[in-house]
Amino acid sequence: MPEDATMPAPAETRPALRLGLRLDFTPGGRLGPGKADLLEAIASTGSISGAGRAMTMSYRRAWLLVDDLNRMFRQPLVEAQPGGAQGGGARLTPLGHEVLAHYRAVERTVLEAAAAPIEALRGAIDPTPRPARTQPAQAQE
């Protein structure tokens with residue numbers, strides 16, 4: 001049977017497409033995939049520095065993001081224990097687990113609701129993009 005040109009390519013040969021969900025709270029707070037991933041990494045590694053290393057970010061950057069999260073909500077999301085003989089560490093608070101679960105639930109809901117249009121967009125992407133033009137096309141005279 002000849003291949004129909006209107007048939008979409010198999011999923012494994014089509015370009016990948018990711019949806020990043022960022023929630024902007026008023027006044028000023030943001031929660032997106034990076035902070036959610038950081039919370040998950042802290043939960044799995046037991047430390048802010050370990051989470052930063054797992055995500056290839058500096059300890060300072062990870063700490064600043066945790067500080068931002070802790071100031072954004074009514075209670076801290078991450079509790080850190082100072083280092084020393086016991087080695088320190090960090091853990092998610094109950095609110096931290098709750099916020100992360102809510103964010104992932106919103107993310108799943110959006111992805112499920114948008115699955116068909118996302119798949120349509122993905123199917124429309126050219127798997128071999130053309131190089132960018134160096135100059136705008138000249139208008140014909």
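What follows is a working chat about the predicted model shown above.

Student: What kind of model is this, and which cut-offs apply?
Tutor: This is a predicted model: local features need pLDDT of at least 70, side-chain atom pairs count only at pLDDT 80 or more, and totals for chains, interfaces and linings use all residues. Residues are numbered from 1 along each chain as its sequence is written, and side-chain values use heavy atoms, with hydrogens and water left out.

Student: What is the mean pLDDT of the chain?
Tutor: The mean is 85, and 83% of the residues reach 70 or more. pLDDT is the predictor's confidence in each residue, from 0 to 100.

Student: Where is confidence lowest and highest among the elements?
Tutor: Helix α5 (residues 115-124) is lowest, at a mean of 88. α1 is highest, at 97.

Student: And what about residues 1-5?
Tutor: Their pLDDT is below 50. Beyond near neighbours in sequence, this stretch has 0 contacts in the model. Contact means heavy atoms within 4.5 Å.

Student: How many helices and strands are there?
Tutor: The chain has 5 helices and 4 strands. From the N terminus on, they run β-β-α-α-α-β-β-α-α. Helices (H or I, at least four residues) and strands (E, at least two) are DSSP runs, numbered from the N terminus.

Student: How much of the chain is buried?
Tutor: Of its 141 residues, 26% count as buried. Buried means under 20% relative accessible area, exposed over 50%, and partly exposed in between (1.4 Å probe, protein chains only).

Student: Which residues have the most contacts inside the largest nonpolar core?
Tutor: Leu38, Leu39, Ile42, Ile48, Leu77 and Val78 do, in a core of 21 residues. A nonpolar core is a set of buried Ala, Val, Leu, Ile, Met, Phe, Trp, Tyr and Cys residues joined through side-chain atoms within 4.5 Å.

Student: Which elements supply it?
Tutor: α1 (33-45), α2 (48-54), α3 (59-72), β4 (89-92) and α4 (94-113) each supply at least two residues. α1 gives the most, with 5 residues.

Student: Take Leu39. What is it in contact with?
Tutor: Leaving aside neighbours within four places in sequence, Leu39 is in contact with Leu69, Leu77, Val78, Leu92 and Leu100.

Student: Switching to charges. How many salt bridges are there?
Tutor: The count comes to 11 salt bridges. Each is a side-chain nitrogen of Lys or Arg within 4 Å of a carboxyl oxygen of Asp or Glu.

Student: What does Arg104 pair with in helix α1?
Tutor: Asp37, in a salt bridge of 2.6 Å, N to O. Arg104 lies in helix α4 and Asp37 in helix α1, so the pair ties together parts that are 67 residues apart in sequence.

Student: Is Arg104 buried or exposed?
Tutor: Arg104 is buried, with a relative accessible area of 14%. Asp37 is partly exposed, at 34%.

Student: Which other residue forms a salt bridge with Arg104?
Tutor: Glu107, with the closest N and O atoms 2.9 Å apart. The two are 3 residues apart in helix α4, so about one helical turn separates Arg104 and Glu107. Glu107 is buried, at 16%.

Student: Which residue does Arg91 meet?
Tutor: The side chains of Arg91 and Glu79 meet in a salt bridge (2.6 Å, N to O). Arg91 lies in strand β4 and Glu79 in strand β3 (residues 78-81), so the pair ties together parts that are 12 residues apart in sequence.

Student: Which residues are linked in a network?
Tutor: Lys35, Asp67, Asp68 and Arg71 are linked by salt bridges.

Student: What is phi of Thr56?
Tutor: Phi is near 50°, a positive value in a residue other than glycine. Thr56 lies in the loop between α2 and α3. Thr56 counts as exposed, at 75% relative accessibility.

Student: Last one. Where is Gly46, and what does it contact?
Tutor: Gly46 is in the loop between α1 and α2. Leaving aside neighbours within four places in sequence, Gly46 is in contact with Ala41, Gly89 and Ala90. Gly46 and Leu92 are 46 residues apart in sequence and 8.7 Å apart in space, C-alpha to C-alpha.
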